[in-house]
Amino acid sequence: MPPRLRSNTKSRGDSTCPPSPDSSRKDLMPQVKAPRQRPRGAARAAFAAFVTEISLLDLLLLAVILLYLGLCPYSKVEESFNMQATHDLLFLSPFAPSSLASYDHLSFPGVVPRTFWGPILLALPIHLLLFPLLSLLPSPLHPTTKHPFQLIVRGLLALYLWIAFLVFRQAVTWRFGRRTGQCLLLLTLSQFHLPFYLSRTLPNTFALAFVLLSYACLLRRSFTPALLLLALATALFRCDIIVLAAPLLLLLVLLRHLSFSRLLVLGPAFGLVGILLSVVIDSHFWGRGREGGSSWVWPEGMVLFFNTVENKSREWGTHPWHWYASSALPRALLASPLLWPFCLLPPRRGGREGGRAGGKGRAKSGMILTLPLPRSLPLLELDLEPFLLLFLPIAAYLSLYSLLPHKELRFIFPALPVLNLCAAVGWARLSERGEEGRKGKGGKCKSLSMSSLSVRFCCACLPGWGVMLLSLFTLPLFLAASRKNYPGGEGLRTFHVEIVPPLFSTFLPLVTPTGKGGGRDGGRDQVKLHIGVLAAQTGVSRFGEVWREGGRERGVDVVYDKEEGLSLLERMRRYDFLLLEKEEAEEAIRKREERNEGEKGKECAVMKWVEGLPCARRPKEILWNLRKELMEVAARLKGKSDRSSSSSSSSKTEGWENIFVKTEPVLALVICH
């Protein structure tokens, strides 16, 4: 007996109602269609419905994203373009040629250009809302450094991505039921990488927002807006989104959700709109100043040529073809793939947890596959909709992307929420089976006996909660490693917090020799800091510099320089402070500047070591450190003697991160006097 494939939706020809006597007469009469009018207040009602559907778990996700932002406030080299460009749009004019020449992307253009649309979306609200309020405050109340603005920029990006994820989650609830939406939030909260990267200024993060919105449109069966969003994400932010869009759109055509002619017309049209938007804006910023650049620039087109035709991305490292499946996805998704097979279970027949798409009875699903089994067993029904709509396009996307030799986790960000949705569907349908074991046909609870309740209910509900708990155990380790992964930003913060305030009152004569190093600038004390390559790649940005609007009122003026190619001896001559790598700092300690006649030489001394390169400790070490930390906390709470508390504090591990990871000095803040 072959398997039967049936759909839960009735075809148009299934109607058995006889035609009315006047139907032929009505067909012959000319009909005038009334213009389609949008009901009044529709946008307001839609916004009100959107706000009312925000749950506590949604707010908890936003709080977790902002918590990760506060604990890891710095940015690495992959995020540097969007971060530096946002800084320049905030503090430099985008139209004056003199200001445009000072933009960071012209001094450090990188390998390929990137679009300015992301920085514009971040800088424009701050210009319109925050700066007018800040102008009302007197200058002494302004922050000394621009680091608070970096937190605001990343917080705004986190808000954008949270709203996109919220729209996606509400579409999941509409399509698969409230329970599935809750399971999706719980799985996302228990993982580290997706909430952590939602506030990172990566081009992949901006593209992820468009992918989430496009999947929300797909789940609500709005295919034209989904096509528009995918085209904009491809043309503006990440050209590799085409690798995801191609199998997804092909599947929609095969399932007759989208006609092939419509795809051929709208796809190139929407893509051309995105290309024009990119060319108009990015040619203004890149076309004038980039060495060897043309007047018209499409950044993602150049990225596509660089990665595919020239295949130069392999110069930044390669991984085996199975790296995404064997390393990246296990780290990002942890134990949630264990729930993927259960998404094939059909939804339960009760309509209470079914989505709005289903109405009453069984939640509406695309395809139910019935497999005949031996007579002693019931028929096996499988729901193919989650597999076809969610898992299959992502599997094709990952397979095609695995062909490129250069691989990074951020390249597959669009796959993470969709794969989490597959696991959430499986978890929700397992829990539905557990409830069916507890309730009878009338919905009343059965007798609380071990045979009828415990085994079936626990077996159905425990897998989802077990996956979530296993994922939660890894959060402290990932967070501790991330906090120690930005030594450059930590070194610059140390310079501003611990060295700059006493510098101008105590140590300034040491760093201002005649004609060398720092000096006076209009009555303000000035020093020069050189930032090394490793520091610039691990957390240093223009947002970390002294804000001249607030710093000048305090007599602080620091000159920052990231010039490359200088020897250690030349840097010792020209700068007062150096943020060096460990090997260079050890060499600088041993060296003395060769003295010329009538000129004093400089000596270097390490003022602060900055640790980095986090490495996970063994489980035995983590348990020992936790036990020691708990004993010290208990001793302090019990109020022991000063001698015991001082001895315990002397042996205390510096920072909670060192409980889980071990680090080593990688940077040094060196003073040349």
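**Cores, helices and salt bridges in a predicted model**

The structure described here is a predicted model. Tyr-215 belongs to the largest nonpolar core, a set of 120 residues. Together with Phe-168, Leu-219, Leu-390 and Leu-421, Tyr-215 is among the residues with the most contacts inside that core. Helix H8, spanning residues 147–176, supplies the largest share of the core, with 14 residues. A second core stands separate and holds 19 residues, including Ala-535, Val-558, Leu-579 and Val-610.

Helix H9 covers residues 178–190. From the first C-alpha to the last, the 13 residues of H9 reach 19 Å, close to the 18 Å expected at 1.5 Å a residue. Is H9 mostly covered or mostly uncovered? H9 is mostly covered, since 11 of its 13 residues count as buried. The buried residues of H9 include a run from Cys-183 through Leu-184, Leu-185, Leu-186, Leu-187, Thr-188 and Leu-189 to Ser-190. Arg-179, Thr-180 and Gly-181 are buried in H9 too.

With a relative accessible area of 0%, Ser-278 is buried. Which residues is Ser-278 in contact with, once neighbours within four places in sequence are left aside? The contacts of Ser-278 are Thr-115, Trp-117, Ala-235, Leu-236, Ser-283, Val-297, Trp-298 and Pro-299.

Ala-101 sits in the loop between helix H5 (97–100) and helix H6 (104–107), and at 51% relative accessibility Ala-101 counts as exposed, because the cut-off for exposed is over 50%. Ala-101 and Phe-285 are 184 residues apart in sequence, yet their C-alpha atoms are 9.6 Å apart in space.

Most residues other than glycine have a negative phi. Arg-256, although not a glycine, has a positive phi of about 65 degrees. Arg-256 is placed in the loop that joins helix H13 (241–254) and helix H14 (260–286), and with 77% relative accessibility Arg-256 counts as exposed. Leu-334 is not a glycine either, and has a positive phi of about 55 degrees. The loop that holds Leu-334 runs between helix H16 (323–333) and strand S2 (368–371).

Leu-472 is partly exposed, its relative accessible area being 31%.

Turning to charged side chains, the count of salt bridges comes to 19. One of them joins Arg-169 and Asp-58, whose side chains meet at 2.5 Å, N to O. Arg-169 lies in helix H8 and Asp-58 in helix H3 (residues 56–71), so this pair ties together parts that are 111 residues apart in sequence. Are the two partners buried or exposed? Both Arg-169 and Asp-58 are buried.

A further salt bridge forms between Arg-483 and Glu-657, with the closest N and O atoms 2.4 Å apart. Because Arg-483 lies in helix H20 (residues 475–483) and Glu-657 in helix H28 (residues 657–660), the pair ties together parts that are 174 residues apart in sequence. The two partners fall into separate accessibility classes: Arg-483 counts as partly exposed at 31% relative accessibility, while Glu-657 counts as buried at 5%.

The side chains of Arg-618 and Glu-621 likewise meet in a salt bridge, at 3.2 Å from N to O. Arg-618 counts as exposed, with 58% relative accessibility. Salt bridges can also join up into a network, as seen for Asp-88, Asp-104, Arg-542 and Lys-562, which are linked in this way.

Technical notes
Residues numbered from 1 in each chain as written. Predicted model: local features only at pLDDT ≥ 70, side-chain atom pairs only at ≥ 80, totals over all residues. Heavy atoms only, no water. Core = buried A, V, L, I, M, F, W, Y, C linked by side-chain atoms within 4.5 Å. Buried < 20%, exposed > 50% of the residue type's maximum accessible area, 1.4 Å probe, protein only. Helix = DSSP H or I, 4+ residues; strand = E, 2+ residues; numbered from the N terminus. Expected span 1.5 Å × (residues − 1). Contact = heavy atoms within 4.5 Å. Salt bridge = Lys/Arg side-chain N within 4 Å of Asp/Glu carboxyl O.
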